[in-house]
Amino acid sequence: MESSRRLCKYKVEREVLDEQRLEEVTQRKTHSDTHRSLTESFKDSLRCTVPKLKRSVMNSLPVLYWLPKYSIWDYGMPDLISGISVGIMHLPQGMAYALLASLPPVFGLYSSLYPTLIYFFFGTSRHISIGTFTVLSIMVGSVTERLAPDVAFLRMNGTNITTEVDIIARDSYRVQVAAATTVLGGLIQVILGLVKFGFVGTYLSEPLVRAYTTAAAAHAVVAQLKYIFGVSPTRFTGPLSLVYTLKDVCSLLPQTHLPTLVVSAVSMVLLIAAKELNSFLSPKLPVPVPMELITIVAGTLISNYAYLNINYTVSVVGEIPSGLSPPSVPDFSIFGEVMGDAFALAIVGYAISISLGKTFALKHGYKVDSNQELVALGLSNAVGGFFQCYSVCSSMSRSLIQETTGGKTQMAGVASALIVLVTILKLGPLFQELPKAVLAVIVFVNLKGMFKQYSDIATLWRRSKIDLVVWLVTWVSTLLLNLDLGLAASITFALLTVIFRTQLPTYSVLGNVPGTELYLDIEKHREVREIPGVTIFRSSATVYFANAELYLEALKEKSGLDISKMIIYKRRQEAKQKRRERRAERRAKRQARKERRAQRAAQQLFSVEEEPGWRDTCIDGNVTDKEDQGWTERENGTVFVIPTSPGAPEGQGRWEYLKGGDPECTSLGWMSELQDGDTTTLGSSSEDTLSHDLERISLGSLGKWTWDIHSIILDLSTANFIDTVAIKTIKNIFQDFSEIDVDIYMAGCQACVVEQLEIGDFFSESITKRHLFASVHDAVLYCLDHRGATSFPRYESSVEMHSSTRL
């Protein structure tokens, strides 16, 4: 009662607002007004004005917005230093990652040049570095080796019966496959960006992306083992290809090429030591030391002067053509075979780029347009595909270098592209003697950051078991099902976890925090007080078709009212009462007919001449014979009796007529008859033993039939939409609980939910907007004012009803 008095205090301070009153106060727009506004907005979008055209051009070409404001004095030198640093990183990574894509190294350099220039015009991020990336290179490699395997390009080795792979023809076709896949993936990205589908990247959660890149790193390591050990394993594709490849590599370890292994080991030791030293000295250095480039230069010089390829048959990069290749149209006949791979490349590349872009934008205080980023990345891939580039996205390592070395805008990307361009035009042939083992070691060492992501398992174990399961499922599926199928399985599983969490939310009963208008879970807060007579029920998720039935079951459990059994009980009691009324009516009619026949028989009896042995009886029932007999009999077996009812006043006995009565077995005090299969005792109460056994069994199995709840408030503040199934469920809740005199109210509905209720014909004469309140507190105040804290419904058991009837 103290809490109810405290709540009533707020009622004096402000008005209780239900939805109808709230609409009157705030003048909320109706659904027709909203529809009219949408129509007008659509018409305005079709109108072409100069400001709108200018804004559209600026949004499509962000470079026109920031380039006129570019300050050479403020940004020129930082962008130049950053661009040179990133360009130097492009060279070793471009050539090394091309091996992951099963392409000649020069095409990795092409992929570091053209897409960077395209992104300069269309991109909105100032700090990401577009170019080759480990994961996408592996995904492209799985496509090229699936459609252009070595066995498809075998040729006879001169006059010998042995065969060898036609490397030139194989690589040429692989370039066509990679270019076609890249163009198709770019077109998919552009289309998704134009239809404002940039939010698709949000379906790739951080645990999923980190697990996917970790598993992709494992694929990259296995793919580089053949270059590190100098063996030639069979290339497998499809599910479990990683397992089969690793098994084949292990079986070929006895055939390891020792010179290649020595080159790999020396390069790995020196590169790891140099990078650790670089990390230790990085705070004291203005720019990081390009250890990968130094390794490539040193490896090339040693290979060239030691003639590693000629003397020790160490595999080298080979011919690197100088100059730029002309653009060419990709083979469109390949599109049908790479559709799924192109879509996977488009989604993964965009997810990695937008995550990095938003991270840097948040740090430096500018905005990244997700849809424009999708268009920019798509154009970079689509245009790059015509120049024999393969799929690109932002690189974490290069982006960090661009940001930490002081890069301010995408002019740093142009500077890095110039470094790559000079290398392709003039310096390319110098790297022809570079051992492939050195490039494989560079890939291997650069994956260290991805290997560190295995620590996510321990972190997620402490923070979120569900995210841990998503991480593990993504990692396992990507390892076993390959990169494309693994991504699809991972996204599907991640979405299923969301569905399961909304299907099985947390249900709670709320109570008031004393002295406030706050309502919290009474099971988790000790000082929260439950409102007398009012149950406030809340679900932690939106009510929709997948959890509507569970919502109703949870409401029954939390309120303690098994509404289904109660309604069955009420229907049964109503049916029994109707049967009692019909029986009583039929009994009254029969009794009236019997009394009339008894009166007629009595009149006939007194008109007969009196015989010896008969007693004198007055019409009013006074017995004059000394023998107090209770019955008399005639020859035809018909008996006339005057029963004496225990509760009847003296002198008010009446005649009873029994057809075929037997003086030896007929009860004079009470008479029984069989009616409708039930045994009823005449002279007793109409509610005495009627169906007593059946009623006692039903009540014994129905549980609790008294409760202290007069109102239930459904807190729908967590709902952001409501479908037709949920609307029907809530309607049934209103109707069912009204059967037991419990009022239902809703509170905290958002405007969009109210509109959906209106469209779904939820409101009616019995369920009006007066049942919908702006907040839980408004609903509580109304319930206490409308029903009070002591107006509780009660059902009495049949035993109590019979006892009261007998009394």
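Is Phe121 buried, exposed or partly exposed? Phe121 is partly exposed, with a relative accessible area of 38%. The legends below describe close-up views of a predicted model.

**Figure 1. Phe120 and Phe121 form an aromatic pair.** A search of the whole structure finds 23 aromatic pairs. In the pair shown here, the ring centres of Phe120 and Phe121 are 5.1 Å apart, and the planes stand at 80° to each other, an edge-to-face arrangement. Phe120 is buried, because its relative accessible area of 9% falls under the 20% limit. Phe121, at 38%, counts as partly exposed, since that class lies between 20% and 50%.

**Figure 2. Ring pairs join five residues into a cluster.** The members are Trp66, Tyr70, Tyr75, Phe120 and Phe121. Phe120 and Phe121, the edge-to-face pair of the previous figure, both belong to this cluster.

**Figure 3. Phe537 and Tyr551 form an edge-to-face pair.** The ring centres of Phe537 and Tyr551 lie 5.2 Å apart. The angle between their planes is 70°, and the pair is edge-to-face because this angle is over 60 degrees.

**Figure 4. A nonpolar patch lies on the surface.** The patch is formed by Leu240, Val243, Tyr244, Val476, Leu480, Leu481 and Leu485. Together these residues have about 530 Å² of accessible area. Helix 12 (241-251) and helix 23 (465-503) each supply at least two residues of the patch. Helix 23 gives the most, with 4 residues. Leu480 is located in helix 23 and is one of the patch members. Leu480 is partly exposed, with a relative accessible area of 34%; this value is over the 30% required of a patch residue.

**Figure 5. Four arginines gather in a patch of positive charge on the surface.** The residues are Arg593, Arg596, Arg597 and Arg600. Which helix holds Arg600? Arg600 is in helix 25, which covers residues 563-606. Its relative accessible area is 47%, and Arg600 is therefore partly exposed, as the exposed class begins over 50%.

Methods
Residues numbered from 1 in each chain as written. Predicted model: local features only at pLDDT ≥ 70, side-chain atom pairs only at ≥ 80, totals over all residues. Heavy atoms only, no water. Patch = residues over 30% accessible without salt bridge, like charges linked within 9 Å, V, L, I, M, F, W, Y side chains within 5 Å. Areas by Shrake-Rupley, 256 points an atom, 1.4 Å probe, with all protein chains shown as cover. Salt bridge = Lys/Arg side-chain N within 4 Å of Asp/Glu carboxyl O. Lys, Arg positive; Asp, Glu negative; His and termini not counted. Charge placed at Lys NZ, Arg CZ, Asp CG, Glu CD. Buried < 20%, exposed > 50% of the residue type's maximum accessible area, 1.4 Å probe, protein only. Phe/Tyr/Trp six-rings, centres within 6.5 Å; stacked < 30°, edge-to-face > 60°.
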